[in-house]
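Biologist: I'd like to learn how to read a fold like this one. Can you walk me through it, feature by feature?

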Amino acid sequence: MIPRVNLKDPESVVQRRFTDALKQTGFCILSNTNIPYELHKQAYDDMKHFFSLPLTQKIHYEKPHIGRQRGYASYGIEQAITANVPDPKEFYSIGNMHSQSYGCNIFPNSMFEQNARRLMDQNQRLSHRLLGYVSDDLKGHQHAFGWAWRNGEHLLRYIHYPESNQEILSAEHEDINLLTILPYSPQPGLQIQDNQGTWHDAPLMYKGEVIVDSGDMLKLYSKGIYQSTTHRVIRKTSGERYSMPFFVHPEPTFLLDENVTAKTFLEDRLRSIGVLN
Ligand SMILES: [Fe+2]
């Protein structure tokens with residue numbers, strides 16, 4: 001059972017319910033996020049337009065030498081660690097506007113850029129609030145990491161799963177980053193694995209809601225206090241599917257434990273899934 005938290009509730013209630021949800025299940029649905037559904041809808045339209053372009057145009061925006069952390073990643077590039085075949089998807093990544101680690105963002109047109117920048121800003125505001133809760137929660141256990149996410153390697157990713165006969169759209173995996181914020185999608189398909197290995201459909205969501213999960217970086221940093229729960233995306237309906245996760249990262253130099261920086265952790269994982277050469 002994935003808990004649902006109303007962000008308009010009193011702060012102390014939101015903080016306790018949100019952190020408890022991530023510690024117990026690794027997932028939480030948030031309502032009243034202040035991110036207008038209309039903005040997500042505009043971004044969905046932008047990505048549909050971009051992905052409909054011929055490959056000869058799209059590959060102008062692909063940068064393999066930076067692990068495709070900005071711009072386009074062509075179909076079949078990413079393969080989950082446990083999978084035998086690549087995920088049937090192409091995607092487009094927009095990084096934190098304040099980060100220069102992977103160079104500047106590139107945009108196919110001004111409307112795409114304008115909406116992506118607004119969405120990036122809204123997601124960052126929400127992620128700062130959520131990581132503030134986690135940071136406060138962990139203060140009793142370890143040093144606070146409140147500063148570490150202000151200039152983090154956050155990534156907004158537009159994902160397109162073209163029509164195919166593959167049942168598994170995104171093979172089972174745990175997220176690499178601290179938190180992932182995923183907006184409502186009109187197409188079902190997200191499944192979450194419980195401790196006994198059984199798959200469950202993600203709860204029905206409503207327009208304007210987001211689902212948040214905690215990833216491997218937060219699990220490592222919190223020494224297992226926070227879960228990084230296995231999940232996947234399967235084909236439930238025919239036709240194309242679109243998705244728009246926002247991956248919350250700390251700054252590259254942030255130490256996740258005594259020996260591992262966020263940058264090292266990220267790039268090792270990017271190599272293991274094929275997006276960084
Ligand atoms: Fe994921």
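**Helices, core and strands**

Modeller: Let's start with a pair of helices: helix 1 and helix 4 are roughly perpendicular to each other, a label used for angles of 65 to 115 degrees. This is a predicted model, where local features need pLDDT of at least 70 and side-chain atom pairs count only at pLDDT 80 or more, while totals for chains, interfaces and linings use all residues. Residues are numbered from 1 along each chain as its sequence is written.

Biologist: At what angle do helix 1 and helix 4 pack, and how far apart are their axes?

Modeller: Two packed helices are described by the angle between their axes and the distance between the axes. Here, helix 1 (residues 11-24) and helix 4 pack at about 80°, and their axes are 10 Å apart. Axes are lines fitted to C-alpha atoms, for helices over the stretch in contact, and angles run from 0 to 180 degrees between N-to-C directions. Helices are DSSP runs of H or I with at least four residues, strands are E runs of at least two, and both are numbered from the N terminus.

Biologist: Which residues make the contact?

Modeller: Helix 1 brings Q15, F18 and T19, and helix 4 brings L130, Y133, V134, D136 and D137. Contact means C-beta atoms, placed from the backbone, within 7 Å.

Biologist: Which residues have the most contacts inside the largest nonpolar core?

Modeller: In soluble globular proteins, nonpolar side chains tend to be buried together. The largest core here has 58 residues, and C28, A116, L179, I181, V212 and M217 have the most contacts inside it. Helix 4 (residues 110-138) gives the most to this core, with eight residues. A core joins buried Ala, Val, Leu, Ile, Met, Phe, Trp, Tyr and Cys residues through C-beta atoms within 7 Å. Beyond its neighbours within four places in sequence, C28 touches I2, P3, V5, F18, A21, L22 and V212.

Biologist: Is strand 5 mostly covered or uncovered?

Modeller: Mostly covered: five of the seven residues in strand 5 (155-161) are buried. Buried means 20 or more other C-beta atoms within 10 Å of a residue's own, exposed 12 or fewer, partly exposed in between, with C-beta atoms placed from the backbone.

Biologist: And which residue is the partner of E90 in strand 5?

Modeller: Strands of a sheet pair through backbone hydrogen bonds, either parallel or antiparallel. In strand 5, H160 is the bridge partner of E90, and strand 4 (residues 90-95) pairs antiparallel with strand 5 over six bridges. Pairing takes at least two DSSP bridges. H160 also stands opposite Y242 in strand 12.

Definitions and conventions. Contact = placed C-beta atoms within 7 Å. Parallel < 35°, antiparallel > 145°, perpendicular 65-115°, else oblique.
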